[in-house]
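The following paragraphs lead the reader through the structure shown here, strand by strand and helix by helix. Please keep the sequence and the model in view while reading.

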Amino acid sequence: MQDPPLERADLEQARQWLTTLHGGAPGLINIVATDEWAGRSFTTDDAGINAAVGYIRALDQQHKQGIYARVTTLNQVPAPGKRGGAADSLSFPGFWGDVDLAGPGHKTKDVLPATVEEAQRIIAVSGLPEPTMWIHSGGGLYPWHLLDEPVLVTADNRDDMATLAARWQLVILAASEQLGYGYGEGVGDLARVLRIPGTINRKAGLARACTVLEASGITYSLDDLATALYRIDLPEPTHAARTAPPPRPRATIYTGGGQVGPFDALAEVCEWRDLFEPAGWTFVQVERDGAELWLRPGGTSKYSVRCGYHGIPVAVVHSEEAGLPSGGGQRLTHGRVLAHLLYGGNETAAAKDLRAAAADDPAAGPARALRPAILDHIRQRCAVRPWEPEVPWPRAALDEHDDEPAPEAEIAAPDGASGDVRKAMAAATEDSIWAGVFPTVDHLHDATWTTPGSDDRPALLPPFPLHTLPGDTGKFVEAVAVYTQTPAEIAAFATIGALSTAVGSHATITGQWTEETLSMFLASIADSGDGKSRAFKAVNAPIYRLEGNLRHAWDAKYGENAEQLEIAQATRDKIIKDLASALGDKRTKALAELDAVKETIKELTGPPRPQLLVGDVLPEALAKLMHRQGGHIGIISAEGTFLGNICGRYNNGKPNLEFVLVSWDASEPWRPDRISRDSFELERPSLALSLSVQPVVIDDAVSSKAVTDKGLLNRFLLTRPASLAGGRDVRPPHIPAYLSQAWDACVQRAFYAACPDGNAFDDDGNPVPPVPMQVAEDAEHLMLTWRERHERRLDPDTGDLVRIKGWMSRAAGNAYRLAALLHLAAGHDPHLPVGVEVMTDALTIIDYCIPHAIAILGGADGGAARGQVGWVKDASEHVLAWIRKKGMGEFTADQARAGLRGRSWVKEHGAPGVRGVLLALAHEGWLASVTRLDAAGRRLSDPLFVVHPQLLGGGV
């Protein structure tokens with residue numbers, strides 16, 4: 001008698017499940033089978049799912065015991081023979097469980113639910129919400145809680161998602177143990193595979209269908225499920241508890257290298273007991289996954305906080321009575337726990353007190369109670385200067401009236417702007433103008449409001465944002481500015497230039513595209529006698545010192561070989577001469593000797609003598625120097641000679657720009673194959689330019705059509721600070737030594753992070769490949785938002801940035817480079833993504849540079865300085881005339897449009913045109929914007945514009 005035929009897979013049910021689970025999601029569906037665990041990967045579109053179903057049919061025809069789909073999609077096709085691990089996950093569709101039913105095919109000795117109803121009761125008592133569907137695997141149940149939208153798994157959230165998935169299984173485990181059942185381990189792995197509904201479970205020689213048992217249709221958001229998950233208190237596991245928390249391996253006390261924040265340093269050596277025991281908390285146990293459980297003072301539950309799951313150094317609080325932020329969305333670092341336990345949640349105060357305690361400041365607070373080893377580590381890791389009695393610095397010289405109170409601020413100006421309304425409006429961003437720079441009209445009464453064009457000084461431009469510079473660099477820049485009595489912009493730009501010179505093409509940065517070098521072109525504009533040379537000398541001393549140290553090390557290793565090298569070179573020349581007449585064995589021997597002496601010359605020569613900087617040089621010689629140094633070099637100068645050279649100032653007006661333009665981005669090789677010149681190839685030319693030039697040099701470049709057509713100045717970050725001449729202190733305080741040391745360490749960190757052994761060449765004499773840096777996902781999102789906002793400002797009709805369109809086209813690339821340099825200077829590992837905080841600082845600097853670029857590149861008069869196209873200048877006069885004629889002391893954009901509706905430019909450009917003109921007038925200081933609110937107190941989308949008093953008084 002023949003056996004009944006084996007049941008075949010329901011391919012339509014399999015298709016429906018793959019579509020439900022992963023259809024249209026990012027990534028690849030991974031299908032595997034028993035004895036074929038590498039499986040195959042398929043796209044998530046209809047064609048890919050059809051191909052996956054075809055593969056399932058083939059596997060089913062082979063009578064595979066099990067056919068499975070991975071619970072997450074793959075981010076790429078795995079290597080041959082590999083299935084891909086958790087790190088290869090891309091799309092997370094929801095949470096799952098795997099509850100075995102009693103019967104054949106299970107190796108566990110645990111008691112298992114006997115019926116479907118018993119298995120479903122586990123989820124019912126767990127506290128988890130109702131599943132989206134129940135799938136019967138043929139030997140157990142899969143409860144699935146599907147998300148409304150799949151979540152992308154990234155490097156930033158992968159640990160979070162793995163933690164959530166694993167905790168989900170712990171909740172099911174706890175409920176299973178509560179009911180007396182066992183539950184498997186490893187179920188929560190992001191690379192987990194589960195049977196596909198419609199396929200056949202042939203395990204243990206049976207043929208049982210895997211099928212969808214129930215479907216509620218309910219889906220959830222990730223936040224909803226995470227909140228529900230962390231509201232469930234996990235009971236004490238059944239295995240033996242430990243009576244004391246395990247000590248962490250003692251970290252080696254840090255003795256040098258990158259500087260980090262006090263919270264980061266704390267996390268490197270602090271144990272959870274260091275924080276909880278002094279606060280009266282009780283240690284409960286260590287779980288099987290390595291997590292520590294702690295109970296709050298007076299707590300009655302099993303535990304209040306769970307710390308260090310799978311070695312991840314964060315704590316999750318499960319008790320709302322613990323006095324700490326609770327719930328799954330709150331992952332507390334050691335620093336945050338400290339801040340909430342001892343400082344009322346004030347993380348800034350906690351970080352400041354950690355530094356104070358590490359410095360042994362007698363005024364330090366609770367942090368002084370931490371273990372001495374922790375404070376020693378923070379002191380060294382964060383480069384904390386030992387405490388000494390406070391000496392006020394920097395402090396402006398006080399006159400004979402220093403006992404008089406300082407005058408009150410005239411107005412509450414935005415972003416640190418002075419009390420002058422015109423300056424506040426000049427410094428305001430487009431968004432802030434349309435939101436309202438001033439909260440009420442009352443803030444403008446009796447305030448200083450200078451008239452545009454009322455003085456001979458350059459247009460008011462925003463000050464450099466010193467807070468964007470890492471560590472103590474901003475304080476150092478301020479110190480240099482005070483000591484040299486120069487605008488802070490000169491020293492600030494010089495610091496960026498020094499970092500750019502130190503790193504250059506030794507690193508790249510990749511966001512939406514890759515910047516092949518971190519070299520930058522920077523120029524501050526200052527008159528002769530403004531003190532720029534002294535500021536440059538103070539800032540760039542570490543670069544010259546670094547170059548000197550590298551050369552000293554080279555001399556020690558290769559310098560003594562000079563005499564032997566000379567002999568070897570003479571021997572080589574003699575052998576080559578003898579080869580001309582050598583024959584037979586004599587020639588063969590000479591060739592062998594030549595090979596040997598060449599190897600000797602190579603060993604004696606070593607890499608080129610290091611050179612970070614070059615002085616006054618022409619482009620042809622510059623290319624050769626850069627080739628000798630592996631492709632990168634810097635030019636630092638407080639004079640404009642080099643810029644004048646390449647722009648033709650000293651060459652009858654003939655620019656020589658090609659090599660310098662190519663060297664800005666290192667994206668094209670330079671191969672000057674010319675007659676009578678040595679031929680060489682420079683694959684990645686990279687030039688850092690840090691200059692402070694006189695206005696005439698920039699004016700010549702701006703007025704040269706040959707220079708502007710090539711876009712040279714569009715590659716520069718530019719600043720034109722106001723001169724301090726006439727009000728300088730002749731007895732300024734010196735730069736504190738600790739700030740100079742901090743800046744020196746900053747330059748060293750950046751250089752050695754990108755060039756770890758200090759050598760630009762490998763053992764074979766080839767340039768060392770650059771260190772690839774990456775922009776984090778949230779930082780890239782910030783960059784894209786910034787670009788979208790500024791793209792609107794390039795509209796040819798209404799945009800205020802039209803006249804610097806070429807400069808703006810390179811602004812994002814400069815921002816990437818800035819962010820990478822700031823990342824390295826702050827002591828962050830180059831292999832870690834550049835984060836959103838650093839990107840914020842970089843974009844802030846670029847935003848600072850925009851009005852300076854407009855003032856320098858967009859024209860000399862006030863209108864053109866704001867990038868006004870011709871019709872905008874004419875339209876501005878129409879608006880001013882309308883204001884005077886109608887006596888419009890206050891008005892809105894809609895009122896202006898209605899009042900000027902007969903003008904041709906209003907008909908042509910409409911509301912956007914009116915907004916563009918009002919924006920230009922506001923930037924010039926003729927208008928001030930005030931926030932408007934509706935009856936419910938909500939801010940309206942357009943502000944109230946208040947008119948400069950002189951417009952109505954007949955003075956203009």
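Predicted model: local features only at pLDDT ≥ 70, side-chain atom pairs only at ≥ 80, totals over all residues.

Val32 stands opposite Tyr68, a residue of strand β3.

Is strand β3 covered on its faces, or left open? Both faces of this strand, residues 67-70, are covered. Ile67 and Ala69 lie on one side, Tyr68 and Arg70 lie on the other, and all of them are buried.

Once its neighbours within four places in sequence are set aside, Gly188 is in contact with Trp96, Ala165, Ala166 and Gln169. Gly188 and Phe95 are separated by 93 residues in sequence, yet their C-alpha atoms are 8.6 Å apart in space.

A second sheet may now be considered. It is an open sheet of four strands in the order β19-β20-β18-β21, with parallel pairing. At its edges are β19 (632-637) and β21 (716-719), each of which pairs on one side only. From one strand to the next, the twist averages 5°. Within this sheet, strand β18 (residues 521-525) pairs with β21 in the parallel sense over four bridges. Ala523 is found opposite Leu718 of β21.

Neighbours within four places in sequence aside, Phe716 is in contact with Phe521, Leu522, Ala523, Leu643, Leu689, Leu691 and Trp807. Which residues have the most contacts inside the largest nonpolar core? They are Leu622, Leu643, Leu687, Leu712, Phe716 and Trp807, in a core of 117 residues. Helix α27 (residues 836-857) gives the most to this core, contributing 13 residues. Apart from it lies another core, of 66 residues, which includes Leu11, Met133, Tyr142 and Met161. In soluble globular proteins, nonpolar side chains tend to be buried together.

Helix α15 (residues 532-558) packs against helix α23 (residues 737-754) at an angle of about 50°, and their axes are 9 Å apart. Because of that angle, α15 is oblique to α23. The crossing of these two helices is right-handed. On the side of α15, the contact is made by Val539, Pro542, Ile543, Arg545, Leu546, Asn549 and Leu550. On the side of α23, Trp743, Asp744, Val747, Gln748, Phe751 and Tyr752 take part.

The chain may finally be viewed as a whole. It has 32 helices and 25 strands. Of its 956 residues, 50% are buried. Among the contacts in the chain with a separation of 6 or more, 69% are between residues 24 or more positions apart.

How values were computed:
Residues numbered from 1 in each chain as written. Heavy atoms only, no water. Core = buried A, V, L, I, M, F, W, Y, C linked by side-chain atoms within 4.5 Å. Buried < 20%, exposed > 50% of the residue type's maximum accessible area, 1.4 Å probe, protein only. Contact = heavy atoms within 4.5 Å. Pairing = 2+ DSSP bridges. Axes fitted to C-alpha atoms, helices over the stretch in contact; angles between N-to-C directions. Parallel < 35°, antiparallel > 145°, perpendicular 65-115°, else oblique. Left-handed = near helix turned anticlockwise from the far one by under 90°.
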